[in-house]
Amino acid sequence: MSMFRSKKLDLGGFVNGKIIRDHTKRKVFEQHEAERQALRYVIRNTSLPQRARAQAQLQLATMHAYTRSTQIKNRCVAGGTARFIIRDFRLGRFQFREQALAGELPGVRKASW
Amino acid sequence: MSLLSCPRLLLRAGQRLQPLLLSRHSSSLKEPPSIDTPSIDIPSTSSLVKDNVMSSGEGLLPDKSNSPSVLNGQLTQPSGSPELPVTNWEQRLNGLSGKARLPRSVQAVYLRPLRRKAEHGLPVCDLQLRSYSVRNVEFFSDFAIRAAYYLGLPASGPVPLPRIVERWTVPRSNFVHKKSQENFERITLRRLIQIKDGNPETVQAWLAFLRKYAFHGVGMKANIWEYDSLDVAENLDKTGEETERSLEGLFSYFGQREDTRSDRSLTDMLDKNHLVTTKSPLSEVGSR
Amino acid sequence: MAAQYSRILDLAKVQCRIFSLNFNPERLRLGNKVLRQRLRGPSLAAWYPKKTVSFRDLQATYKPLGLTMFDEREDDREEALQIAKLRGKGRPKKKRTAAESRSAKKKK
C-alpha cells in the first residue's frame, strides 16, 4: 500500500516491485507488532470482561492487512523469487547455486558422499 | 623476557624462523624444552642458514647430518642472498660463533603449547571456536592456548566438538529438469577450549586479546561463569541498594502521573476508554 | 488434608511473590504467553539489505564543493542512448493527447 511505502527507496541490492512491497510489509509489521501483541493479550486473557475481549478481537481484525505477519514472505535477496528460499543465505535456489559455485558463500562446497 | 610479554612479536619471529622450526623438529623433537646446550644448538642455527639459501630451490629440509663446514662454504658465496636483512641475520648468527640460543619463548613456539596446571579444576570460561577450515581453527586454537599460558590461565583443550554438517540439494536448472540436482554442503568445525580456575579479569583480558588478534574465518563464542562467595544474598542486598539508587532516575519516568490518577478499576477503564472505540488504529494513517 | 492444601497454596503464593511470578492456582488462561513472546519485528525487518552510499550520493555531496565526478558507467549509458537515437532506435515520442495515441493504433 502506497501510504506505507517509504517515499525514498531505502533498499540496497536487487530491487523490484515485489521486494519493495514485501519490505514495506515487514516495516509496517515491525511498527505495529507491540500493538498487535497487546490486543492478542487482551483477547487471550480469560480474566478480563468478555466485552473488552470481544472489542479487542474486533480491533485486531480491523487492523490493516500489512500489520499482519502472515503477509510477509521471504524473498530472494539477489533475485526476488519467492520460492525455495534458503534461509541461511536468504537466496533462492538458483542464486544460491550460482554464488556457491562462484565461491561467494563462505564454507559452502559441492558435496558428494 | 620481552618476547614473553609480546606474543605478536613472538609470532612474527616465528614466521621469520619457520625453517628453523622444521629443522628443530627433525633434529631434536624428543628432547625436553631444556635446550640450552650449545652443542645441540649449533646445527639448528646453521641449518636455518642453510634453509634460507635452499628454500628458493628444492625446498628440501636439511638433516642434522649436514656438517657446519659445508654450510660455511655456502655462506661465503655472495650469490645466494638478495635480501639484506637475511644476510644480516646470518652474519649475526655466525658472529656469535655457535653460542647463539634463541629465547625460550621463541623456542616454545616450535614446540607443543605449554600449559599451566589447574589447581582446583573449576571451569571459568568455555571458548568455542568455529570455522569452515581446519587449518584456521587449529592455528587459532593453538594461539589461544599459548596466549592462555602466558597469561597464567590453565587451559584445557582444544577439544574437537562434533562437526556441524549442513547440506542442501538444489535442482541445477528449471523444474522440468528436476532429476538433475546438485548437492552442496557446509561443514562447520568446532574446537572447545576450557579455562579452569582463572581470575575473571584475566579471563576477560585473554578474551579481549583473542578478539584483538582474531583470525580470519574463525568465529568465537565464549561462555563465562562467575563464582561468588556463599553469602550471595548479603552481597545481592548490598548491590541491590546501589543499583536501585542508580536506576532511580530511570524509574521516575515510569508509572502513572499524579494528575491522571483516578479511582476507577481496571475493568471500568477497559470498558470506557479507547478500547471501546472501534475505529481502526490505521485509519488516521490512511486519511493522511 | 484440606488444611494442608491451603498451606501449600500459601507457600506457592509466597514463592510467587518472592520470585515475582504469577500466582494462578486455578490455571486460568491469562494470556501471559503472549507477553512472554519476543518481538519478531526487528529480525524480520532486517531481511533485505539496507541502502548504502551510491555514486550519486557522492556526486550530490561533492557538487556543492565545486568538485565534479566522472561516472563511467553512466557516461557509457548516455553515449549508447545517443547512438541509438541517431540510428532511429530511440524511444518513441510520448503521446500527449488521446487523439494521437488513437490514430497511432488505427494505422495498424
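Trainee: What is Phe140(B) in contact with, leaving aside its neighbours within four places in sequence?

Mentor: Leu129(B), Leu210(B), Tyr213(B), Ala214(B), Phe215(B), Val218(B) and Met220(B); contact means heavy atoms within 4.5 Å. This is a predicted model, in which local features need pLDDT of at least 70, side-chain atom pairs count only at pLDDT 80 or more, and totals for chains, interfaces and linings use all residues. Residues are numbered from 1 along each chain as its sequence is written, chains are lettered from A and ligands numbered from 1 in the order in which they are written, and side-chain values use heavy atoms, with hydrogens and water left out.

Trainee: Why is Phe140(B) called buried?

Mentor: Buried means under 20% relative accessible area, exposed over 50%, partly exposed in between (1.4 Å probe, protein chains only). Phe140(B) has a relative accessible area of 1%, so it is buried.

Trainee: How far apart are Phe140(B) and Leu210(B) in sequence and in space?

Mentor: They are separated by 70 residues in sequence and by 8.9 Å in space, C-alpha to C-alpha.

Trainee: Why does Arg191(B) count as buried?

Mentor: Its relative accessibility is 10%, and therefore Arg191(B) counts as buried.

Trainee: What makes a polar contact with the side chain of Arg191(B)?

Mentor: The side chain of Glu138(B) does, at 2.7 Å. A polar contact is a pair of N or O atoms within 3.5 Å; within protein, one must be able to donate a hydrogen and the other to accept it, and residues adjacent in sequence count only if both atoms are side-chain atoms.

Trainee: How many of the residues of chain B count as buried?

Mentor: Of its 288 residues, 31%.
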